[in-house]
Amino acid sequence: MRVLRPTLEKLSIEVEICQEAKKATEILIAEKFDAVIVDCDDLRGGVEVLQGLRATPSNKNSVTFAVLNGKKTTTQQAFAMGVNFVLQKPISPLNASRCFNAALNFMVRERRRYYRQPVKMLVKVIAGDKEIKATSTDISEGGMALLLHQALPKNATPRLQFTLPESTLSLDIETEIAWADLKGRVGLRFRDLAPSSQALLETWLNERIPTQAPGAKERAGSGPEVQ
């Protein structure tokens, strides 16, 4: 901790530290982190935290670092558990800095993947021979949440037509229903998005992602997180 925390903070990365494996697992189930660092060998239950990490909905794609002491868990075993980076004790500031700098792009990519931009705009929903008016509540690279003005037909595979605010980017996207509630809200997952449209949507989102460097939150905050 004496080495890792200052190294991360030099990269403008905030850190949340948890020294109990059971509590760490509870946090990882409840909160989203872009990266997770686990002391596998000197924290009781550390290996179990890593093994369960990929099963958590919020953090199954988080960048992971395993800290090893060279006596118990091998590098090969760590990678087999889905770890992205390995740090061997004793950890020097130079090695830690190189490792985290190498991981930054992965962390930014993970943040961009799950980032949802709140946006209110009119959306035309085409389901079979029906056209339904809707209002968006947020959009990400992979989908959109809508407030519908009338119910979708059963087993619908809606097509969305909309123009992103502050742009001339008009999209026509096939979707599938990911979730729906009784209040008229629905989450739609994009399907077969053309590469050109995907690139334009990513550019639009990237311009709106908060500019804070990748980092961890102290329970709250806009930047990516590390535990």
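**View 1. Strand β9 (residues 170–180) pairs with β10 in the antiparallel sense over 6 bridges.** The model is predicted: local features need pLDDT of at least 70, side-chain atom pairs count only at pLDDT 80 or more, and totals for chains, interfaces and linings use all residues. Residues are numbered from 1 along each chain as its sequence is written, and side-chain values use heavy atoms, with hydrogens and water left out. Strands (E, at least two residues) and helices (H or I, at least four) are DSSP runs, numbered from the N terminus. Two strands count as paired if DSSP finds at least two bridges between them. Ala180 stands opposite Val186 in β10. The two strands β9 and β10 form a hairpin with 4 residues between them. In the turn, Gly184 has a positive phi of about 85°.

**View 2. Strand β10 (residues 185–191) also pairs with β7 (residues 143–148).** The sense is antiparallel, over 5 bridges. Ala145 has Gly187 in β10 as its bridge partner.

**View 3. Asp172 and Arg159 form a salt bridge.** The term means a side-chain nitrogen of Lys or Arg within 4 Å of a carboxyl oxygen of Asp or Glu. Here the closest N and O atoms are 2.8 Å apart. Asp172 lies in strand β9 and Arg159 in strand β8 (residues 159–163), so the pair ties together parts that are 13 residues apart in sequence. Asp172 is partly exposed at 45% relative accessibility. Arg159 is partly exposed too, at 25%. That class lies between buried (under 20% relative accessible area) and exposed (over 50%), with a 1.4 Å probe and protein chains only.

**View 4. Asp42 and Lys89 form a salt bridge between two loops.** Their closest N and O atoms are 2.6 Å apart. Asp42 sits in the loop between β1 (35–39) and α3 (46–53), and Lys89 in the loop between β3 (85–88) and α5 (93–114), so the pair ties together parts that are 47 residues apart in sequence. Asp42 is partly exposed, with a relative accessible area of 48%. For Lys89, also partly exposed, the value is 32%. Asp39, Asp42 and Lys89 are linked in a network of salt bridges.

View 5. Arg5 is partly exposed, with a relative accessible area of 31%. Glu9 is partly exposed at 43% relative accessibility. The structure holds 9 salt bridges.
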